[in-house]
Amino acid sequence: MRLKGAIFDMDGLLLDTEAQSVLCWPAAGREMGYEITTEMVHAVTGTNHASCRAAMEGFLGPDLDFDRLYRRVGDLIFERMQQLKMPLRPYARQILEQLKDAGFRLALATSTNRDRAEIELREAGIIGFFDTLAFGNEVERGKPAPDIFLLAARRLGLSPEACAVLEDSPNGIRAAIDAGMEGLWIPDQILPQERPDTAQLATRVFPTLREAAHYLTAPVGPEA
């Protein structure tokens, strides 16, 4: 089946937020008296609120005031992104334009909650490219469960087999493959040499969104 839909992650794929995340998690942790390592941040990259809570309580203990920590991290990231004028990852706008022109239906599937994500997408100037949006607070199970991608495909009116997912995180690639979709990995903070299991699991690995765009819009077209 020829691919008809492309489902995009947001943080670390379209918006250059993950570089801020690895700074803001430890900063928020220090304010509350916790040591949060890069490895811990990588473990929760791409997960929704509920999955992140479970992981962080596992790292820091059940008495963790997770909601306070999570809000503080979100505020710090949002503040830094606004200072940086909500920067896009390289080729982010171009891939959306190319796929739209090629007739793809586009969805956004982000673990971020709707209120924060919509603000960030509008300020980045890319919200209008998407035919539908799916948010982390709309599914019970976050990535690496496939729920958010299946929700996005339903909203596009497409079967999973007709969709490709573009992701920067191992959790997102696992979710895409388990959803029965192509999983295109464009790494950001977590590199293939750190996660060879994800490199093997992914349908394709690309260094940037430019190469992913070329793959999806190739004249012969990929088969799902």
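Helix α6 (residues 114-124) lies across β2 (105-110) and β3, running at about 135° to β3. Helices here (H or I, at least four residues) and strands (E, at least two) are DSSP runs numbered from the N terminus. The axes are lines fitted to C-alpha atoms, for helices over the stretch in contact (heavy atoms within 4.5 Å), and angles run from 0 to 180 degrees between N-to-C directions.

This is a predicted model, in which local features need pLDDT of at least 70 and side-chain atom pairs count only at pLDDT 80 or more, while totals for chains, interfaces and linings use all residues. Residues are numbered from 1 along each chain as its sequence is written, and side-chain values use heavy atoms, with hydrogens and water left out.

I turn to the sheet. Six strands form an open sheet in the order β3-β2-β1-β4-β5-β6, with parallel pairing; two strands pair if DSSP finds at least two bridges between them. At the edges are β3 (132-135) and β6 (204-205), each pairing on one side only.

Consider β5 (residues 182-185), which is joined to the parallel β6 by two bridges. Toward β4, four bridges make a parallel pairing. Leu 184 is the bridge partner of Leu 166 and, in β6, of Arg 204. The chain passes from β5 through helix α9 (residues 196-201) to β6 in a right-handed β-α-β crossover: with the strands pointing away from the viewer, the path from the first strand over the helix to the second runs clockwise.
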